[in-house]
Number of protein chains: 2
Amino acid sequence: MYRIGELAKQCEVKADTLRFYEKRGLLSPSSRTDSGYRIYTEKDAERLRFILRAKSVGFTLAEITELLSIELDKSNWACADVKGLVDSKLAHVEAKISELKYFQISLQRLSDACGGSSDSAEHCSILEALETNTENIKCENHDHHHDNAQYTKNCQSKG
Amino acid sequence: MYRIGELAKQCEVKADTLRFYEKRGLLSPSSRTDSGYRIYTEKDAERLRFILRAKSVGFTLAEITELLSIELDKSNWACADVKGLVDSKLAHVEAKISELKYFQISLQRLSDACGGSSDSAEHCSILEALETNTENIKCENHDHHHDNAQYTKNCQSKG
DNA sequence: CTTGACCTTGGATTTAACTCTAGGGTTTAT
DNA sequence: ATAAACCCTAGAGTTAAATCCAAGGTCAAG
């Protein structure tokens, strides 16, 4: 059982944000004290954490509402209905994962290319890392434990 | 070579958005006609696609600017600088992938549980799919090459 | 029995990212 | 050579998601 400020602190959001989520129908406290204070249970906290995770990967509050509605309306959904919504969200999530893997690969390639060498950084650009499909990357030096002293020299460009 | 409207159409954004990105320093046309029309090259288009992909996985325009700055400022970066920025973005991307995999698993579990039956969906909730850590889900039929006829049986829950 | 940290509501303000409007110039097809 | 479809700029308006503010109620500590 948490009061609004406690839950907010625990989840690193503002109390205002929780009131806002309540207004939007995403998260309501399980109860109130006699004096009107909001009281959140552990279950509410879990719901909040779900909301925050979903937000962190780019779902809008409207989409999150939709995801959560699967639960809220439970008794009124047929499995088939649920499956439709869930599968479309699943496709959405899988598309995001693919996009991110593309970024991951490009960034990894860049990081490797600039892996600690003190040399030219001609290929030190995301776009170039993408264009330069494989191989062919300068600066490669896969030494991952470096000390700062080694980093005083520049990435000189092709000029 | 595209005019603003052409590029916008190709990438499914508004011309206004491209002018806005220009104001924000994310994407400038490579040239202008004598009359002042913006002219975008294929390279510009590629940059735009990069921006849109990054946006689609939840990067803000400010973050995207930072990613792209690796390129813009090329000659002024030391490899170590680049590596620091890139690695922090890489961690960020990897965290997002983890979050998404968590959603993917939950959604997949839900989808499996509600594999096409038209009956009650007591377990058809994201939060429950998460709580119900593994096993313990009814209707599981991990047969991945299924034909719909097999899915007429129910999602019955703990009741 | 009051001080300070917390809570309440309602409404105003902010920020990011567009999106639109007004008033005008340019290109292209007929 | 003129109408439709495009482009320009500057600046106002919109939407989502907070975030802040004002005026006041609650509660534990001293």
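This is a predicted model: local features need pLDDT of at least 70, side-chain atom pairs count only at pLDDT 80 or more; totals for chains, interfaces and linings use all residues.
**View 1. Residues of both chains surround DNA strand C.** The surroundings of DNA strand C comprise 19 residues, and the closest of them are A:Arg3, A:Gly5 and A:Arg38 from one chain, together with B:Thr60 and B:Leu61 from the other. At least two residues of this surface come from each of α1 (4-11) and α2 (15-23) of chain A, and likewise from each of α2 (15-23) and α4 (61-72) of chain B. Sorted by class, the residues near DNA strand C are six nonpolar, six polar and seven charged.

**View 2. Helix α3 of chain A spans residues 42-56.** From its first C-alpha to its last, this helix of 15 residues reaches 21 Å, which is close to the 21 Å expected at 1.5 Å a residue. Its buried residues are A:Asp44, A:Arg47, A:Leu48, A:Phe50, A:Ile51 and A:Ala54; seen down the axis of α3(A), they fall within an arc of 155 degrees, and therefore line one face of the helix. Just after α3(A), A:Gly58 adopts a positive phi of about 95 degrees.

**View 3. The largest nonpolar core holds 48 residues.** The members that touch the most others in this core are A:Ile51, A:Ala54 and A:Leu100, along with B:Ile51, B:Ala54 and B:Leu100. Two or more residues are given to the core by each of α2, α3, α4 and α5 (79-113) of chain A and by each of α2, α3 (42-56), α4 and α5 (79-113) of chain B, with α5(B) giving the most, at nine residues. When residues up to four places away in sequence are not counted, B:Ala54 touches B:Phe59, B:Ile64 and B:Leu67.

**View 4. A:Leu27 lies in the loop between α2 and β2 (31-32) of chain A.** A:Leu27 counts as buried because it has 21 C-beta neighbours inside 10 Å, where 20 or more are required. Leaving aside neighbours within four places in sequence, A:Leu27 is in contact with A:Leu18, A:Tyr21, A:Glu22, A:Asp44, A:Arg47, A:Leu48 and A:Ile51. A:Ile39, twelve residues from A:Leu27 in sequence, is 12 Å away in space, C-alpha to C-alpha.

Methods
Residues are numbered from 1 along each chain as its sequence is written. Chains are lettered from A and ligands numbered from 1 in the order in which they are written. A residue is near a molecule or strand if its C-beta atom, placed from the backbone, lies within 6 Å of it. Helices (H or I, at least four residues) and strands (E, at least two) are DSSP runs, numbered from the N terminus. Ala, Val, Leu, Ile, Met, Phe, Trp, Tyr, Cys and Pro count as nonpolar, Asp, Glu, Lys and Arg as charged, and the others, Gly among them, as polar. The expected span of a helix is 1.5 Å times one less than its number of residues. A residue is buried if 20 or more other C-beta atoms lie within 10 Å of its own, exposed if 12 or fewer, and partly exposed in between; C-beta atoms are placed from the backbone. The arc is that of the directions from the helix axis to the C-beta atoms. A nonpolar core is a set of buried Ala, Val, Leu, Ile, Met, Phe, Trp, Tyr and Cys residues joined through C-beta atoms within 7 Å. Two residues are in contact if their C-beta atoms, placed from the backbone, lie within 7 Å.
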